[in-house]
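This report describes selected features of a predicted model.

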Amino acid sequence: MTAPGRIEELRALLRRHSHRYHVLDDPEIPDSEYDALFRELEALEAANPDLVTADSPTQRVGAVPEASFAPAAHRQRMFSLDNVESADDLRAWEGRLVRFLGHAPAGYACELKIDGIAISLTYEAGRYVRGATRGDGVTGEDVTVNLRTLGQVPAVLFGDRIPGVVEVRGEVYMTDSVFHDLNQTQDEAGERRFVNPRNAAAGAVRQKDPAMTAARRLSLWTYQVGFIEGLRFRSHTESLDWLRTAGFPVNPESEHVADLSGVIAYVERAQARRHDLGYQTDGVVIKVDSLAEQGELGFTAKSPRWAVAYKFPPEERTTRLRAIQVNVGRTGAVTPYAVLDPVFVGGATVTNATLHNQDEVARRDLRIGDLVVVRRAGDVIPEVVGPVVSVRTGKEKRWRMPASCPFCGNPIVRNAGEAVARCTGGFSCPVRLREYLFHFAGRGGMDIEGLGFKTVDLLLSRGWIKDPADVFTLDPEKVRSVEGWGDVSVRNLMASIEAARHRPLARVITALGIPLVGGTVARSLARRFRSMPALLDASAEEIGSIAGIGPEIVESVLTWTSDKQNRKLVARLAAGGVELSDAEPEGVDSGLLSGLTLVITGTLEGFSREGARLAVEERGGKVTVSVSAKTTAVVAGEAPGAAKVDKANALGIRIIDEAAFVRLLAAGPGVLE
């Protein structure tokens, strides 16, 4: 085959596999095979630079950083929507529709209102040519190169119904898990946290360097066909079906309903489940489904008459900031937090809220005595958004970071270039040691059941443990001497400590709390080095050669492994019987579950949640948090999440018990047939 022919063949293969991975979440080949195809295309294009095209898979990331964003006029205006806040508002809206049409609409399309940044994607003859932000609705910013880095944006459309020109509307957003990881990285690096996923996504889309956009792991839902030339649809639902077949991600939560009672029922379900989705949504968009009826209804000066946005109740409230105090975390970071008058927000009564670091307190100009806005969404940690400056009396007091740790008396210092101040007391600080031990024994680490805060406090107060290694030399007779600790509870604790001696290496690395090293990086390090001694002796080049590990993580790992106290801790863990190496997995087919996506909910008898996930990943499968149309099966243990089970049933997704899960790990996908 000629070079041009092979290049086109490779591009087609890579587009297909990228679509199955990023949009359908249903990969057909392992990552290594995809990478090999990609490298072959890169080599051919390097040898034939005149054949490189903008829509080649190799060009998603790699363009030079933009100095500024040019204006981009939309072919069809991107309107904003009128808001409604109650069922009565919806009935009043439908009443207006009836007056225009002379009858009730012939059905509605209901979609989740995603809290992200609106964008428009333009395709000519089926090829991606431009991406733009919404801007003022008429003109946005040209972010073509940045949006090309999103794996869910098709470079070339699929199918045989390809319009001459089409503008596709969508929402770029950041999932909750990615946002959490991003802020954790910011914290560990001493950088400013992002306020919410929407701001993080919007900032990522507008990065001057496309590689930075790619690194933020953004996601996309498309929800509307705007301008289109050469193709026609009868309904909005039909246009969504076309978007799916053309290769665009369309939210599986979107539904067609027959009447307003169906709309109200959809809104109620969406509001009840809004925190189970894995991404932020602040309402529901309701559209008249018939495009003919949409055309008849038309627009006001700023909004379409045929669509409204139902806004969920706010999850922000105001209360009084009574004091600012500090905590010391497991890394020694000193974090201020707000002491508040109790306020009910986001489904719970809040009395404390995070303030992140001293720069954030100053940036938000928070003062003790302020009336402040507090935000809480679902299980998200409450935070203070800012003060209500207009009601200040002048009696409010500015706050300063204390000079010494209130728990151990050692100085609090802030190193140059860091946003975080740190206690210098090391493990002599009881609060830092307490937090470190709780992290070490937690489910993400050594998973020592029974070693929670109360037990850690007991052992610390008696002087029986002074670092994590002491856990493995704990004298059970001392514990038995404490009132309330009988034979059964002591035996259970010691059995859990014994089990922790045999955790996988990735768990040990996670438990040690190396800055910037979470579970994912720990697993990569464990797979590469197989033992703690090998990791301690690893070079920067060896660590940096691991996919997904950048210079900052390399530096953090090397700083930790070169510290004499940390090396001493590892030696003492080994002396305490902790296994610090992984055997090569025996009898595990690394591709057995390739292409399968599982959701695990409830408690499994034979696996911890982390252990179950690792078992799936060792066999080439994938475990996600939320159920979607891309989920292969749901593994339901004892007391599974009702929302996940309901969603799986609604989508027709197979639900299996633990016994079937064990058979799946042994025999592969045939178990699901």
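In this predicted model, the axes of helix H12 (residues 430-441) and helix H13 (residues 453-461) come within 10 Å and cross at roughly 135 degrees. The crossing of H12 past H13 is right-handed. On the H12 side, the contact is formed by Pro-430, Leu-433, Arg-434, Glu-435, Leu-437 and Phe-438; H13 contributes Phe-453, Val-456, Asp-457 and Leu-460. By class, the residues of this contact comprise seven nonpolar and three charged, with no polar residue.

Strand E16 (residues 371-375) pairs with strand E12 (residues 316-328) and is also joined to strand E17 (residues 383-387). The table sets out these pairings.

| Strand pair | Sense | Bridges | Residues standing opposite |
|---|---|---|---|
| E12 and E16 | antiparallel | five bridges | Arg-317 and Val-374 |
| E16 and E17 | antiparallel | four bridges | Arg-375 and Glu-383 |

The secondary structure of the protein as a whole comes to 24 helices and 24 strands. Its C-alpha trace spans about 80 × 75 × 50 Å along the principal axes. The radius of gyration is 28 Å, which agrees with the value near 26 Å that a compact globule of 673 residues would have.

Terms used
Residues are numbered from 1 along each chain as its sequence is written. This is a predicted model: local features need pLDDT of at least 70, side-chain atom pairs count only at pLDDT 80 or more; totals for chains, interfaces and linings use all residues. Side-chain values use heavy atoms; hydrogens and water are left out. Axes are lines fitted to C-alpha atoms, for helices over the stretch in contact, and angles run from 0 to 180 degrees between N-to-C directions. Helices (H or I, at least four residues) and strands (E, at least two) are DSSP runs, numbered from the N terminus. A crossing is left-handed if the near helix is turned anticlockwise from the far one by less than a right angle, and right-handed if clockwise. Contact means heavy atoms within 4.5 Å. Ala, Val, Leu, Ile, Met, Phe, Trp, Tyr, Cys and Pro count as nonpolar, Asp, Glu, Lys and Arg as charged, and the others, Gly among them, as polar. Two strands pair if DSSP finds at least two bridges between them. The radius of gyration is taken over C-alpha atoms; the globule rule is 2.2 Å times the number of residues to the power 0.38.
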